[in-house]
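Visitor: I would like to learn how to read a few features of a structure, one at a time. Could you take me through them?

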Amino acid sequence: LLVSDGPEASTGLGGQSKLLFEAATAAGWHVTLANLCLGPPHFPPRFFHAQGMVPTYLVDTPIPPDSAGYILDEVRPDAVLALCDPWMLGALPTYRGVTNKLHLWTTCDHEIFPDSFRTMFESCASLVFMADFGARSWGPLVKRNKPGQRTLTIPHAVDGELFRILKPEEGPARFRAQYGIEGYFVALHVGRNSWRKQQPLLIEGWARFVESLPEAECAKVLLYLHTEEQSAPTIRAGDDPVTNLYAALYSGWNLPKYLERNYSEQVRGTIRFSRREIPKQALVGMYNVADVHVLTSFGEGFGVPLIEAQACGRANIAADNTTTPEIVGGEPCSEAAVPLAGFGSKAFAVWEHEARGEGAPFGYRVPCNSFQVQPDFSGKRPLVDCDALAAALLDAHRLWRRGCDNEGFSLNAPEATERRRAWTLARYGWPEVRAKWTELLKQIREELPR
């Protein structure tokens, strides 16, 4: 029984479901999917058949007791693999039919975890973390769990055949010409309009970057927000987020209204929205058109757009929290986070050993300067420093301008893009991650009663 988003959902869990389904069926397992999310409307009471997963159930989250009981009675699984946040499982781990069968692939995206997760973890035969940050952060809790419990890290994967560096004849230049952005510095943000992604901080950092440019250059920069213009439910115009904290935390924003109320026409003119639900092939084109990808979340369980961008050869500018240090450069390929010239110690460029001081940086990690505390279990959420974000954008823009005169020294020179892609696929490529799932499934099968 696979508890996760469906393989066609445009989510990180959806992509991993597809990968795990392929690995499990290849190893001889019969897979049933308890589908947590399929895109809007999320929870209609109907059956959904996808990619040979039969039967598949669409259920609410957290999984209510009646759904959990019904699914377990129908499926009677030998193993339950849950690819989701622990709270999504609801009543499922309390059922006897799940005892010693639950293998949880889970996230950690904050520095304080709720103690209530202990019972959940104690019911797991395997605790699989999607990033080393989760394993380190929840290590003390894991150590108190039952003897013999398996703990390991299996990251998200990126399909390197789909997310790739496009050749010139495949259309990036044509796309720029079609949308009238030839000669523009283009930053791209990919993510849901949600409390986690913190688009207002991204917009503020972008605004400070734009306002620091000479007036002539302001007309040649562009931020594409590949997100929903308005999230639902959203904070109504005029609401005070302090008095509506829950809505501010757990929904997104009316971003056009936010821009209209807070920013000049000059800044608003440099920001465009891209429709969220587009074919993945179109998203690959957007990564290739962009000069840099920007993610300013206050915490990621993993951060799939980061590896998608790097697989397309693009540098990331990302908040230096939770999983970002592993993905943007990572310790295996960077000597240090090097302060950007002229900006003190505020913004950091990540360089590879052989490329330090030459060519283009691998990416940028932007420090955080404050915290937001969740009201439900006091999780600390680090907020990105908007001045440091503007500094990183300025440095990327400087390298982009340098590349206008000499492509070999640009932010996305061919050698730099290939380095980013190769490093990413060696760690997060589809074959490498699938092999880890295959090994785990083999161990689970060997432990089943004969």
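Predicted model: local features only at pLDDT ≥ 70, side-chain atom pairs only at ≥ 80, totals over all residues.

Visitor: Are cysteine 218 and cysteine 386 buried or exposed?

Guide: A residue is called buried when its relative accessible area is under 20%. Cysteine 218, with a relative accessible area of 6%, is therefore buried, and cysteine 386, at 7%, is buried as well.

Visitor: Where is aspartate 385 found, and what lies 2.9 Å from a polar atom of its side chain?

Guide: For a polar contact, one looks for a pair of N or O atoms within 3.5 Å. Aspartate 385 is found in the loop between β17 (380–384) and α15 (386–405), and a polar atom of the aspartate 385 side chain lies 2.9 Å from the backbone nitrogen of aspartate 387. Aspartate 385 counts as buried because its relative accessible area is 9%.

Visitor: Which residues are in contact with tyrosine 428, leaving aside its neighbours within four places in sequence?

Guide: Contact here is read from heavy atoms within 4.5 Å. With those sequence neighbours set aside, tyrosine 428 is in contact with Pro155, His156, Ala157, Val158, Phe302, Ile307, Glu326, Ile327, Trp423 and Val433. Tyrosine 428 belongs to helix α16 (residues 414–428), and its relative accessible area of 8% is why it is classed as buried. Although tyrosine 428 and isoleucine 307 are 121 residues apart along the chain, their C-alpha atoms are separated by 7.5 Å.

Note on methods:
Residues numbered from 1 in each chain as written. Heavy atoms only, no water. Helix = DSSP H or I, 4+ residues; strand = E, 2+ residues; numbered from the N terminus. Buried < 20%, exposed > 50% of the residue type's maximum accessible area, 1.4 Å probe, protein only. Polar contact = N/O pair within 3.5 Å; in protein donor to acceptor, adjacent residues only side chain to side chain.
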